Amino acid sequence: MRGAAATLRGELIGLAGVVERNVYLVRRYIWWDIAFFVWTVANTLTIVYIAKGIEAAGGQIDVERTTTILLIGAVIWAYLGIIFEILTETVAWERWEGTIEYTFMAPLARPVHLAGMGIFSVAYGVVRAVLLFGIVAALFDLQLPEANFWSAVVVLAIASISFVGIGMMTAVLPLISPEKGVQLGFIAQGVLLVVSGVYYPVDVLPGWMQALAVISPATYALDGIRAAILDGAGVGAVWHDIWPLIIIGAVAVPLGLEVFRRGERHAKRHGKLKRSG
Amino acid sequence: MTAVEVSDLRKEFVRRDGPWRRRRVPALCGISFTIERGECVAVLGANGSGKSTLVRLLATLLLHDGGSAHVFGHDVFGDPRAVRRLVNRVSVEASFFKKMSSTENLSYSARFYGMTRGETSRRIPEILERVGFPVERRGEAMEALSRGMQQKVALARALLTAPVLLLLDEPTTGLDPRSKLEVQEFIREVRQIHDATILLCTHDLDEAEALADRIGILHRGELIALGTADELKRRYETETLEGAFFAATGRALVDDEEEED
């Protein structure tokens with residue numbers, strides 16, 4: 001019993017170490033992070049202005065509602081991008097710096113290592129997503145009188161479990177292909193969002209894409225968050241989005257860990273667990 | 001007590017010759033040896049002889065293709081986590097997050113070995129002082145430090161976790177003569193004070209003779225000799241270790257073999 005408690009304590013300290021390392025990196029690269037955030041704001045604006053553009057072209061739409069729908073899509077895209085970037089690029093970054101050998105020979109359980117990266121990516125992603133939403137909403141003077149932000153945060157938190165699970169699967173790609181692995185992670189992010197109704201209802205997609213939307217956590221995250229912010233839906237009212245997210249999360253995390261485990265074995269078998277660059 | 005027991009250890013890598021053709025290149029061809037607790041064994045070999053493959057196998061960073069390896073009785077491939085608690089490593093590249101300071105790099109990596117913030121805030125200044133790292137530069141980014149300074153921090157990182165087996169993979173390659181001597185002196189100190197067992201892979205003959213109890217010669221993945229420096233000289237009827245290496249392998253130590261993974 002005492003041995004198990006000591007092991008658990010050691011793992012928790014290790015998990016804190018993963019978070020600590022990423023905090024140091026953010027601190028050291030803070031100006032780069034600010035530059036990328038400016039780019040994200042600019043990118044989001046190019047999408048959100050589409051609503052005003054449609055109105056200017058004579059389209060009959062509720063501009064504020066459409067703007068909010070597009071903004072939520074862009075924010076979720078950016079949030080998912082941060083989670084995938086931190087999980088995938090940290091492995092790629094460690095390869096490039098050469099620290100990967102020291103991290104992977106440390107006595108830290110791989111699920112704990114990945115959980116640490118996941119926790120940091122969610123915390124950092126939430127801060128960036130809230131800032132992005134707040135800045136763009138302020139620029140467009142969105143009033144959002146019905147918004148239930150608590151409910152939106154609950155949906156996002158539960159969806160994050162699935163996002164981290166999928167991120168674990170993409171995180172192993174730089175181990176298998178040092179040159180192209182990171183880009184494959186971006187492809188996974190793009191595919192996930194395109195079938196999930198990021199800027200449009202899922203109904204407009206062809207049937208095979210709608211089938212993929214059913215198993216994509218982003219579909220339920222976007223639907224639930226839009227219902228909470230646009231219509232003030234409470235947690236109970238978005239339960240039909242929450243329970244699929246719980247099921248997908250329960251599958252995605254163990255699957256992500258298993259995919260990573262197999263990728264790590266492949267890298268160890270073929271001598272790819274080493275520095276590059 | 002036996003610290004390291006390697007028996008018929010084999011490792012091959014797959015090489016691609018064009019998009020369709022593949023060939024298997026042996027990196028270690030069934031090597032066997034033991035290292036006793038507290039002993040320092042140097043492995044000499046040209047680039048590509050299999051030294052780094054041996055270190056990376058013992059560090060649990062590679063999977064083997066045959067044979068076995070045990071560290072203090074723990075199976076390296078069957079129970080890698082138990083081995084990881086006992087082992088640390090210093091390699092030819094210092095390998096740090098370059099924008100982070102020495103203290104930040106040491107702090108997070110020590111956390112992976114279960115060291116709390118309280119422990120690292122006490123131990124890191126102590127250990128950096130012992131390796132001769134200037135106090136006033138602890139907050140500087142690693143990229144601002146010289147190679148010699150970075151290698152001292154690498155030694156500090158390895159020692160911080162109190163390993164009982166230290167794997168040194170060309171730890172002084174590329175260092176200026178003064179830094180090289182300082183690092184070698186520190187390795188002696190580690191052995192004496194911490195009772196650490198050391199496997200030193202190098203192509204520096206003087207370093208091997210100065211630091212190791214026994215010296216092995218690794219050539220094209222085969223351990224063709226292992227003994228004290230005097231035993232090797234007697235066996236190959238030569239006055240110098242360089243002569244023994246040449247007699248054993250038919251080539252000088254600086255000659256490169258095919259690059260290993």
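## Helix α3 of chain A

In this predicted model, helix α3(A) is mostly covered, with 26 of its 35 residues buried. The helix takes in residues 63-97 of chain A; at 1.5 Å a residue it should span 51 Å, and because its end C-alpha atoms are 47 Å apart, the two values agree. Along the way, α3(A) bends by about 30° at A:Glu89.

## The ends of the helix

The N-terminal end of α3(A) is capped by A:Asp62, which places a side-chain oxygen 3.3 Å from the backbone nitrogen of A:Glu64.

## Where chain A meets chain B

The contact between the chains draws on 39 residues from chain A and 41 residues from chain B. The size of an interface is often given as the accessible area lost when the parts come together. Here the area buried between chain A and chain B is about 3700 Å², and carbon and sulfur atoms give 56% of it. Of the area that chain A buries against chain B, 22% comes from A:Arg28, A:Tyr102 and A:Met105, more than from any other three residues.

On the side of chain A that touches chain B, the elements giving two or more residues are α1 (2-28), α3, α4 (100-104) and α11 (239-269). The most comes from α1(A), with 14 residues.

Definitions and conventions
Residues are numbered from 1 along each chain as its sequence is written. Chains are lettered from A and ligands numbered from 1 in the order in which they are written. This is a predicted model: local features need pLDDT of at least 70, side-chain atom pairs count only at pLDDT 80 or more; totals for chains, interfaces and linings use all residues. Side-chain values use heavy atoms; hydrogens and water are left out. Helices (H or I, at least four residues) and strands (E, at least two) are DSSP runs, numbered from the N terminus. The expected span of a helix is 1.5 Å times one less than its number of residues. The bend at a residue is the angle between axes fitted to the seven residues ending there and the seven starting there. Buried means under 20% relative accessible area, exposed over 50%, partly exposed in between (1.4 Å probe, protein chains only). A polar contact is a pair of N or O atoms within 3.5 Å; within protein, one must be able to donate a hydrogen and the other to accept it, and residues adjacent in sequence count only if both atoms are side-chain atoms. Contact means heavy atoms within 4.5 Å. Buried area is the accessible area (1.4 Å probe) that two parts lose on being put together, summed over both.
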